[in-house]
Amino acid sequence: MKILRNPFRNSGIAIPMTVVMLFALASAGCHSSRSVSKEEREVAEMTIRHGHGSKLGKKIAEEAVTWMGTPYKYAAAEKGKGTDCSGLVLRVYEDVAGMKLPRNSAKQAEFCKRLKKKDVQVGDLVFFATGKDPKKVSHVGIMLDEHRFVHASSRKGVVMSEIDTDYYQRTFLMFGRAMK
């Protein structure tokens, strides 16, 4: 068994390499999420009720809110266990509307009818360029009203955010409506 020396050399404590490796692997495999407070859920649900849109759009948004707190997991789409942004959208639209959307956010944007901000309704999609290419869609969320949306953050899991923040204004590309 390999032994790593403690950086506090004078303490005389040695740490087995396998313990260090197991800890590193366990830490690297975890994606953060946070628990969602009752108040956050109530704000999201009230936002949906007061937003304008179709019954279907409101059902889509209501389902998206039930995903809040789900941890981020790349290429996954399972409520409570793990999802990425496009997986969240894919699963919510399939479960609520019976619509089969493409798997990645860029293809989902192509699938949608582009909307002006004044035409955005509850349940519509919002697309961002959060990657290296400032013109390529790399993130998607579901609108709750004209200011808030639910999405899978790679650091926080599924959360509700405000589109009016500097970051989302800077990375915003388009609004879209998935058409049957």
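Which residue in S8 does Met 143 stand opposite? I looked it up in the model, which is a predicted one, and found Phe 149.

**Entry 1, around S7.** I started with strand S7, residues 139-143. Five of its five residues are buried, so I noted the strand as mostly covered. On one pairing I found S6 (residues 125-128), antiparallel to S7 and joined to it by four bridges. Phe 127 stands opposite Val 140 there. I then checked S8 (residues 148-153), which pairs with S7 over two bridges, again in the antiparallel sense. S7 and S8 make a hairpin, with four residues between them.

Next I went through the rings and got six aromatic pairs. One of them is Phe 128 with Phe 149, tilted, at 5.3 Å centre to centre and 35° between the planes. This pair links distant parts of the chain, since Phe 128 sits in strand S6 and Phe 149 in strand S8, 21 residues apart. Are these two buried or exposed? Phe 128 has 0% relative accessibility, so I count it as buried. Phe 149 also comes out at 0% relative accessibility and therefore counts as buried.

I followed Phe 128 to Tyr 168 as well: the ring centres are 5.1 Å apart and the planes lie at 55°, so this pair is tilted. Tyr 168 belongs to helix H6 (residues 166-171), 40 residues from Phe 128 in strand S6, and this pair too links distant parts of the chain. Tyr 168 is buried, as is Phe 128.

Which residues form one aromatic cluster? I list Phe 128, Phe 149, Tyr 167, Tyr 168, Phe 172 and Phe 175.

How values were computed:
Residues numbered from 1 in each chain as written. Predicted model: local features only at pLDDT ≥ 70, side-chain atom pairs only at ≥ 80, totals over all residues. Heavy atoms only, no water. Buried < 20%, exposed > 50% of the residue type's maximum accessible area, 1.4 Å probe, protein only. Pairing = 2+ DSSP bridges. Phe/Tyr/Trp six-rings, centres within 6.5 Å; stacked < 30°, edge-to-face > 60°.
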